Amino acid sequence: MQEKDTIEDYYRKAFTGFEPPPPEQAWEKIRVGIHPLEAKKGRLSGLRKNFAGFSHSRNLYPLLAAAAMVLLFIMIWFSYSHKHNIRGHAYAGEVRICKGTAYLFKVYDKVKPYDTVLLLQSVPVDGNGYYQFNGIDHGNYFIRINPLPGTDVTRNFIPSFYDQDAASSEANVIKIESEDPTVDIHLLPK
Amino acid sequence: MTVPAEVLDQCLLNEPRGQEALYKAYSARMYGICLRYAGNRMEAEDILQEGFIKVFKNLSHLHSREALDAWIRRIMVNTAINYYTKQLKFQNEVSLKYDSSDATIQEDALSKLSYNELLRILQGLPTGYRTVFNLYVIDGYSHREIGEMLGIAENTSKSQLWRAKASMKKILRRIL
């Protein structure tokens, strides 16, 4: 039969010596099949090499340095963007005092009596009665002004907390939240 | 095809380097066999992997190094047959009645088909037809041998071959 011979012969000729390229990953799968433990070790070793290659690659140094700089910048920006300043003038009566010291206390108590306080900073009050505290975190604070000893102010006024209190237990708390406050302080007369 | 004696020695010692060399020497030819017996490329890959794992695990049973080619080939064919064992269904009746609305399929017409098209026609056959066609036509087994390998009667093998070719002709007439 002509037809029978044609198909058989043609397929026989076509597929004798038929050698298509085998799938790329086939050997790897066979290797895992015959050496399962070594394949596992190989994977771990590959991971180690990749890590070593990554950490020792000189090409990555500029990239890592740039990333570190960016990270540092973000940390500094974040830290400063959440800090505040407190500024104001100190008065003796209606007049700004000339020289003295301003003290900033952190208040840890939520309600009176404010027993738990900590001195954080002290800054000079200038000749125009101006003072300023920088880099203050959110929270509750006291400010106390001490006039320069030996002046008329000290003779007539006593060191005072905001707002016109001589003792911290009676002083008003200054709350620092989202803005930089201006806090003018009036000394208590003797 | 011959592989260096040291490659076989390494394989017998279960050394991956030798095993990879043996795989590289035979993988293309064996993949060709798997593609013919399989229904698609994924199944062919499965058969190839399973076959080579059997080769490496049973290499110590090889009696003569000269027979390595035939031995590996036989393992691949058996692996392919076992892969489809559950699917193999054979119709025993031999019908010699030809569906002869048939025009002859000329060799020059067949030559227009690419390997991939020929392979697709073969892979499109039912598993039983495809297996017998491969065993008889391309791998050169006799109907008696096929009967023994597949656990079927010699005549069943003949009828499967006839049905395989009839199916192929139908497909070829449609596409040529």
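Student: How many disulfides does the structure hold over all chains?
Tutor: A disulfide is a pair of cysteine sulfur atoms within 2.5 Å. Over all chains, the structure holds zero. Keep in mind that this is a predicted model, where local features need pLDDT of at least 70, side-chain atom pairs count only at pLDDT 80 or more, and totals for chains, interfaces and linings use all residues. Residues are numbered from 1 along each chain as its sequence is written, chains are lettered from A and ligands numbered from 1 in the order in which they are written, and side-chain values use heavy atoms, with hydrogens and water left out.

Student: Is Cys11(B) buried or exposed?
Tutor: Go by relative accessible area: buried means under 20%, exposed over 50%, and partly exposed in between, with a 1.4 Å probe and protein chains only. Cys11(B) has 3% relative accessibility, so it counts as buried. Cys98(A), at 46%, counts as partly exposed.

Student: How many aromatic pairs turn up over all chains?
Tutor: A pair of aromatic rings is described by the distance of the centres and the angle of the planes. Rings of Phe, Tyr and Trp (its six-membered ring) pair if their centres lie within 6.5 Å; planes under 30 degrees apart count as stacked, over 60 as edge-to-face and the rest as tilted. A search of the whole structure finds 13 such pairs over all chains. Take Trp27(A) and Tyr23(B): the ring centres are 5.3 Å apart and the planes at 35°, so this pair is tilted. Trp27(A) belongs to helix α2 of chain A and Tyr23(B) to helix α2 of chain B, so the pair joins two chains. Both Trp27(A) and Tyr23(B) are buried. With Phe142(A) and Phe161(A), the centres are 5.7 Å apart and the planes at 70°, so that pair is edge-to-face. That pair links distant parts of the chain, 19 residues apart, with Phe142(A) in strand β6 (residues 139-147) and Phe161(A) in strand β8 (residues 160-161), both of chain A. Phe142(A) is buried at 0% relative accessible area, and Phe161(A) is buried at 6%.

Student: Which residues do ring pairs link into a cluster?
Tutor: Tyr11(A), Phe15(A), Phe18(A), Tyr115(B) and Phe133(B).

Student: What lies over the face of Tyr103(A)?
Tutor: A charge sits over a ring if NZ of Lys or CZ of Arg is within 6 Å of the ring centre and within 35 degrees of the ring normal. Here Arg144(A) lies over the face of Tyr103(A), at 5.0 Å from the ring centre. In chain B, the charged end of Arg130(B) sits over the ring of Tyr84(B), 5.2 Å from its centre.

Student: What should helix α3 of chain B span?
Tutor: Helices (H or I, at least four residues) and strands (E, at least two) are DSSP runs, numbered from the N terminus. The expected span is 1.5 Å times one less than the number of residues. For the 17 residues of α3(B), residues 41-57, that should give 24 Å, and the end C-alpha atoms are 24 Å apart, which agrees.

Student: What do the buried residues of α3(B) pack against?
Tutor: Contact means heavy atoms within 4.5 Å. The buried residues of α3(B), among them Ala44(B), Leu48(B) and Phe52(B), pack against α2 (26-34) of chain A together with α1 (5-12), α2 (16-37) and α4 (68-83) of chain B.
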